Amino acid sequence: MGIRLINIKTIPASKNLGQMSFFEFQDDIDFLIKRIYYITNVQAGCVRGFHAHKELKQILFCPYGNIELTLEDQDGIQTIVLDDPSKAVVLYPCVWRKMKWLVSDSVLCVAASDCYSESDYIRNYDNFLKYLREHDED
Ligand code: TYD
């Protein structure tokens, strides 16, 4: 369980060729990645998410734009704004998330520890709170 903010190593290229960001198992994240997905073409003001996962671990980052994450776990609610390619958040199991697009066309990228499985989702908020209570000591 839990939420971890990490700094993705980001290095400038010489001669105005931009910058590059990278992370890898084991130095930066403590799980192997089986799936990558990204969300594009979203208008400012849209809010997605409204779910938690039972087992899945994910790293979320925003290489372009500005996205506000509202995250709730057993320790309470926190808001994190992904507004730089070097910022990322690792979500361990059982974090209720909402992602709000602050800028149109911001790109949300997610690298996940497992393949897609609808049975790993908790999509009902009351069920999430119940699941949190039942797994409090995990
Ligand atoms: P969902 O995770 O609910 O999106 P969000 O929380 O960002 O609103 O996924 C939306 C739909 O896409 C859902 O019906 C399942 C499907 N989906 C896949 O088939 N594979 C995937 O890897 C993901 C992330 C979603």
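**Notes on sheets, cores and contacts**

Trainee: Starting with Phe 61, does it count as buried or exposed?

Mentor: Phe 61 counts as buried, because its relative accessibility is 17%, and the cut-off for buried is under 20%. Bear in mind that this is a predicted model.

Trainee: How many aromatic pairs does the structure hold?

Mentor: There are 5 aromatic pairs in the structure. In one of them, the ring centres of Phe 23 and Phe 61 lie 5.3 Å apart with their planes at 75°, so this pair is edge-to-face. Phe 23 sits in the loop between strand 3 (19–22) and strand 4 (35–39), whereas Phe 61 belongs to strand 6 (residues 58–64), so the pair ties together parts that are 38 residues apart in sequence.

Trainee: Which residues form an aromatic cluster?

Mentor: Trp 96, Tyr 125 and Phe 128 come together as one aromatic cluster.

Trainee: Switching to the largest nonpolar core, which residues touch the most other members?

Mentor: That core has 16 residues, and Leu 60, Leu 69 and Leu 108 are the ones that touch the most other members. Two or more residues each come from strand 6, strand 7 (67–73), strand 8 (76–82), strand 9 (87–91), strand 10 (96–101) and strand 11 (107–112), and it is strand 7 that gives the most, with 3 residues.

Trainee: Which residues are included in the second core?

Mentor: The second core is separate and has 12 residues, including Phe 31, Phe 61, Cys 109 and Ala 111. As background, nonpolar side chains in soluble globular proteins tend to be buried together.

Trainee: Back to Leu 108, what is it in contact with once you leave aside neighbours within four places in sequence?

Mentor: With those neighbours set aside, the contacts of Leu 108 are Tyr 37, Tyr 38, Ile 39, Leu 60, Phe 61, Ile 67, Leu 82, Met 99 and Trp 101. One of these, Ile 39, has Leu 108 in strand 11 as its bridge partner, and strand 4 and strand 11 are paired in the antiparallel sense over 5 bridges.

Trainee: Last topic, how many salt bridges does the count come to?

Mentor: The count comes to 5 salt bridges. Among them is the one between Glu 134 and Lys 130, at 3.5 Å from N to O; these two residues both lie in helix 1 (residues 125–134), 4 residues apart, which is about one turn of the helix. Glu 134 is partly exposed, with a relative accessible area of 44%, and Lys 130 is also partly exposed, at 44% relative accessibility.

Trainee: How far apart are the closest N and O atoms of Glu 118 and Arg 123?

Mentor: They are 2.7 Å apart in the salt bridge between Glu 118 and Arg 123. Glu 118 is partly exposed at a relative accessible area of 36%, and Arg 123 counts as partly exposed at 45%.

Trainee: And what does Lys 87 form a salt bridge with?

Mentor: Lys 87 forms a salt bridge with Asp 83, where the closest N and O atoms are 3.0 Å apart. Lys 87 counts as partly exposed at 30% relative accessibility, and Asp 83 is partly exposed with a relative accessible area of 39%.

Key. Residues numbered from 1 in each chain as written. Predicted model: local features only at pLDDT ≥ 70, side-chain atom pairs only at ≥ 80, totals over all residues. Heavy atoms only, no water. Salt bridge = Lys/Arg side-chain N within 4 Å of Asp/Glu carboxyl O. Buried < 20%, exposed > 50% of the residue type's maximum accessible area, 1.4 Å probe, protein only. Phe/Tyr/Trp six-rings, centres within 6.5 Å; stacked < 30°, edge-to-face > 60°. Core = buried A, V, L, I, M, F, W, Y, C linked by side-chain atoms within 4.5 Å. Contact = heavy atoms within 4.5 Å. Pairing = 2+ DSSP bridges.
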